[in-house]
Amino acid sequence: MAASVVTVNDFLDGHVGLDIECLDRIYLNGYVPNLQVGGQVVTFLTRHLGKPIPSPAVFEQIGGRFRRAVTKFAAAGDIPVVRFDKDDRKIDVMRPYQDRLAAQGRCGVAAIGVAQEFQPVWTAYQRDTRATDLPQFTFAKAQRRVTCYYFYVVDEQFGPGFVKICSYFPYPIKVWVNGHEWAKRQATKAGIGFAELSNGFASCTDPAALQAICDQLGPAQIQAFCHRWLDALPTPLSEVDEVGGYWWEFSMRQIETSRTIVFHAPRHARAFFEALVADNLDVGRPDTVEIIFGRQIRTGPKRATPGVFKTKVVTRGVDVTVNALYRHSRIKQYLKDGRALRIETVINSPTDLRVGRRLHHLDELQGKARAINNRLLDTERVGQGCVLASPAFARVAHPTIEEGRRAPALRFGDPRVMALAGALTTCVHAVTGLSNRSLRALMTGLHGAPYSIGQASYDLRRLRLKGLIARQPHSNTYTLTPDGLRFAIFYTKVHNRILTPLLAADQPPAPPPLRQALRTIDQHLNDQLTRARLPAAR
């Protein structure tokens, strides 16, 4: 017997053991704000350090002092120093060192990684001057291959993380921490029992308290981590530089915000997720990305939104990840550890969502990312749970009186109504709105017949009276309501996925078992007609 199809709503309504939203991986850039232009470099060398000539030789002096300090720091703490090969996945190389330190119940630097990498650093070019003049230099940013140190740490608050420091001026920094690891440690301190999911939670004795902990993670805690380790580690800039105003500030490089839904009975989880993937392969289309990310997508020849809009399905072994891309960011969805649905919005550029890059904007960015995760799930709920209850179906499919006026029927099977439903699903104008003009453009191709301004006005009116669209204030544009989205998807799915295949099921390419079943039904009908002494249709 064929297994029954398990939908999003089957799993989410009454079969969820834990539903947690939390910051996941957090990757920051560290930069010195007043060392970003050439004039600031000259000021640093002359006024701050007191050098008579702003010479690039000072960069090498500072860098050499820093490299010696790292060597001394590693020797004093008996810290392993690992040189990365170009093909190494750094986290895989360094995780055993962090695990070993954590197993000992200690916090500190687990190991130091050394790599040669291209970094944006200041270079100097000597100006042409007379031989008797003092040398003069022009400073410019360039990508150069320099030594970088990775300090892999185990932090009391955040657990595993790392701080990467470039050894050449202006000494850019990278910081990586994990929000779930922070939440685990805070839950343990609060006495909340939980079972771990890989990079998450599988169960919890107090889900509301755990969610409250996850909600607390923000810029203050992450900034404290950065300050704590910059004070503990050797750095190219000294305390004197910090007092003089030359110290690092942090901006968001990559922020992952996740929603993890753990199922009570995960035995059907894989079949459920495979059905979910098959049903949402169009999640990367511009119109769907527009509603999920809440950003307007322009696809025309002028001022088109940059980026490739597509659904990307990545398979690693038996695991499948579905990605929908928007500019520099993406939303991904996958089955975690075979028992949880994980939705992650990965923001690689906060300006994609009109949020500033600096760390103090993290709360705003996290709010928008959580909304994106929820909109994706809401869209999938409607897509797989679009059945119209009998009263709602009757209200749509039959004439009714709404607001004291007659609301004409939207009868299933009527070519114009089916084209109208298809236009709404093609558009999904939750952001830009649906207008008379845009509806006519869609209907002309779907209906296959002339479609006038008057017909569009008539259809917009009955859609509005039926509660399927809502008019935006002070405009002639409309947005789709939840009932409207259900109407559009229900009509198009039933027509395209059920009726059309069934009507052609007595001939190839319909599957042989279905054709055989229909022939059996025909035979039984003919036998019944014969017994009733009625002629069979020819």
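The pLDDT is the predictor's confidence in each residue, on a scale from 0 to 100, and contact means heavy atoms within 4.5 Å. Where pLDDT is low, the predicted coordinates should not be read in detail.

The structure is a predicted model, in which local features need a pLDDT of at least 70 and side-chain atom pairs count only at pLDDT 80 or more, while totals for chains, interfaces and linings use all residues. Residues are numbered from 1 along each chain as its sequence is written, and side-chain values use heavy atoms, with hydrogens and water left out.

For the chain, the mean pLDDT is 82, and 78% of the residues reach 70 or more. Confidence is highest in β6, at 97, and lowest in helix α10 (residues 286-293), at a mean of 44. Residues 1-6 have a pLDDT below 50, and this stretch has five contacts in the model beyond near neighbours in sequence.

The secondary structure comprises 17 helices and 17 strands; these are DSSP runs numbered from the N terminus, with helices (H or I) of at least four residues and strands (E) of at least two. Of the 538 residues in the chain, 46% count as buried. Here, buried means under 20% relative accessible area, exposed means over 50%, and partly exposed lies in between, with a 1.4 Å probe and protein chains only. Among contacts in the chain with a separation of 6 or more, 66% join residues 24 or more positions apart.

The interior can be followed through its nonpolar cores, each a set of buried Ala, Val, Leu, Ile, Met, Phe, Trp, Tyr and Cys residues joined through side-chain atoms within 4.5 Å. The largest nonpolar core has 79 residues, of which L28, F225, W248 and F250 touch the most other members. Apart from neighbours within four places in sequence, W248 is in contact with G30, Y31, V32, P170, Y171, I173, L230, T235, P236 and L237. A second, separate core holds 25 residues, including A421, A456, L460 and Y478.

One of the contacts of W248, P170, is placed in the loop between β5 (159-166) and β6 (173-178). The peptide bond joining F169 and P170 is cis, with omega about 10 degrees. Two further backbone features involve phi. R354 has a positive phi of about 60 degrees although it is not a glycine; R354 lies in the loop between β13 (340-347) and α11 (362-384) and is exposed, with a relative accessible area of 66%. H474 likewise has a positive phi of about 60 degrees without being a glycine. The loop between β16 (469-471) and β17 (478-480) contains H474, which counts as exposed at 88% relative accessibility. As background, most residues other than glycine have a negative phi, and most peptide bonds are trans.

Several buried residues show how separate parts of the sequence meet. E256, in strand β9 (residues 249-263), counts as buried because its relative accessible area is 5%. Not counting residues up to four places away in sequence, E256 touches C22, L23, D24, R25, E344, T345 and V346. I331 sits in strand β12 (residues 329-336) and is buried, at 2% relative accessible area. I331 and N373 are 42 residues apart in sequence, with 7.6 Å between their C-alpha atoms. In helix α16 (residues 482-503) lies I489, which is buried with a relative accessible area of 14%. I489 and G422 are 67 residues apart in sequence and 8.1 Å apart in space, C-alpha to C-alpha.

Finally, the largest pocket is lined by 29 residues, with R25, R89, I91, R95 and W176 lying nearest its centre. A pocket is an open set of points on a 1 Å grid over the protein atoms alone, where a 1.4 Å probe fits and protein lies on both sides within 12 Å along at least five of seven lines; lining residues have an atom within 4 Å of a point. Helix α4 supplies the largest share of this lining, seven residues. The lining of the largest pocket divides into 10 nonpolar, six polar and 13 charged residues, where Asp, Glu, Lys and Arg count as charged, Ala, Val, Leu, Ile, Met, Phe, Trp, Tyr, Cys and Pro as nonpolar, and the others, Gly among them, as polar.
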